[in-house]
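Below are some numbered points to read with the model open beside you.

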Amino acid sequence: MNAESRRWINVLDLGVRGRGWIDAAHPYDRLPARAEGLVTDAVWNLSRQSAGMYLDFRSDAVSLHSRCKLRKPPAEGHEYIKYLDLYCRDVEDRWRWAGVSRCGFTPSGETPLIEGLSRELREWRLYLPLTYDVESLELSFPEGESIEPLSADPRPPVVIYGTSIVHGCGHPSRPGMAWPSMMARQLDYPVINLGFSGSARMEPPLGAILAELDPAVFVIDPLANMSLELVEQNARPFLWELVSARPKTPLLLIEDRTHADAWLRPAYRPAQQAKQAAFRAVADELQAEGFSVHYLPGARLIGDDGEGTTDASHPNDLGAARYADQVRPVLASILGIS
């Protein structure tokens, strides 16, 4: 179908989900504009990436195309990365994968997400790129067909702060396979992804910014980016920013996963166990002070067969699924979801 017979819309008109603040410098930023200069440069730059953002919409279109522009060009060799990831609700009310697209690698910048559909009203979810700064994103559908936003979920979201494993850097085959997004579909619950690859060090100024949010649960998963010294220095001040501002909001603290090759490296475990013990001690202190703090050990997060990672550290799709499987029941219990 030629371009003249299609209608293009800016996805901002559909409402982008997975954002915590409305006063961002750019609509696809994950932190508010005032965070610049308060958080580290690394966190600020990573916050410009649209990890965890998505669209929920309804359409009877027989095809959906995308046109995505990035603020920065992708690294050489990344042209084949799947930037946009499409899901559809099936007859059993499950989100099921439907299609993927790349950003801007045709002369027109237009790429198909899915084609060859029967004309039928369906509900769709489209995930934005995990590790790229989106400048603009448009969707198109044939003239005479329709697209409209789904009603926003009124429930307060789950806010997940963490490392590249939360952010989705270096491991998922596509955006919907990052474990926070996978878990959100399984629970059918809104989630905000505040993963900052290599830079989740629990700085108190960032804790104060996160405390502006009013979520159902704060999930805190930074330990893979932290040394024992950083845990001792930052963990309690960071968490205190959250509990002092939101004393009734539960916290779920997650230990770092055990490296898949740890069984061959005996020197690895003592340092990890020391920082885990320090992290657990802070959790115990806050629990003793009357705050709702839950704790998930990391030993089983990616399994113990060595098949769950790309590099011993970062989960592959299998490891991310295992990660979601471990977190989901704990979070469901906190949220009161059966």
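Which residues in helix 5 meet which residues in helix 6?

1. **Helix 5 against helix 6.** From helix 5, Leu 228, Val 231, Glu 232, Ala 235, Arg 236, Leu 239, Trp 240 and Val 243 come into contact with Ala 274, Lys 275, Ala 278, Phe 279, Val 282, Glu 285 and Leu 286 of helix 6. Contact means heavy atoms within 4.5 Å. The residues of this contact divide into eleven nonpolar, no polar and four charged. In that count Ala, Val, Leu, Ile, Met, Phe, Trp, Tyr, Cys and Pro are nonpolar, Asp, Glu, Lys and Arg are charged, and the others, Gly among them, are polar.

2. **Ground rules.** Before going on, please keep in mind that this is a predicted model, in which local features need pLDDT of at least 70, side-chain atom pairs count only at pLDDT 80 or more, and totals for chains, interfaces and linings use all residues. Residues are numbered from 1 along each chain as its sequence is written, and side-chain values use heavy atoms, with hydrogens and water left out. Helices (H or I, at least four residues) and strands (E, at least two) are DSSP runs, numbered from the N terminus.

3. **Geometry of the helix pair.** Helix 5 (residues 228–245) and helix 6 (residues 268–288) pack at an angle of about 25 degrees, and their axes are 9 Å apart. That makes helix 5 roughly parallel to helix 6. The word covers angles under 35 degrees, while over 145 is roughly antiparallel, 65 to 115 roughly perpendicular and the rest oblique. Axes are lines fitted to C-alpha atoms, for helices over the stretch in contact, and angles run from 0 to 180 degrees between N-to-C directions. Helix 5 passes helix 6 in a right-handed crossing, meaning that the near helix is turned clockwise from the far one by less than a right angle.

4. Five strands make an open sheet with parallel pairing, in the order 12-11-13-14-15. Its edge strands, each pairing on one side only, are strand 12 and strand 15 (293–296). From one strand to the next, the twist averages 15 degrees. Strands count as paired if DSSP finds at least two bridges between them. Strand 14 (residues 251–254) is joined to strand 15 by four bridges, and Leu 251 has Val 293 as its bridge partner there. Helix 7 (residues 317–335) packs on the sheet and touches strand 11, strand 13 (217–221), strand 14 and strand 15. The direction of helix 7 makes about 160 degrees with that of strand 14.

5. How many of the five residues of strand 12 are buried? Five of the five in strand 12 (residues 191–195) are buried, so this strand is largely enclosed by the rest of the structure. Buried means under 20% relative accessible area, exposed over 50%, and partly exposed in between (1.4 Å probe, protein chains only). In a regular strand the side chains alternate between the two faces of the sheet. Here Val 191, Asn 193 and Gly 195 point one way, and Ile 192 and Leu 194 the other way.

6. **Val 158.** Five bridges join strand 11 (residues 158–162) to strand 12, with Val 158 standing opposite Val 191. Val 158 counts as buried, at 1% relative accessibility. Leaving out residues up to four places away in sequence, Val 158 touches Tyr 189, Pro 190, Val 191, Ile 192, Val 217, Val 219, Leu 331 and Leu 335.

7. Five bridges join strand 1 to strand 9 (residues 134–142), and Asn 10 stands opposite Glu 138.

8. Asp 93 lies in the loop between strand 5 (84–89) and strand 6 (95–101) and is exposed, with a relative accessible area of 52%. Met 202 sits in the loop between strand 12 and helix 4 (204–210) and is buried, at 0%.
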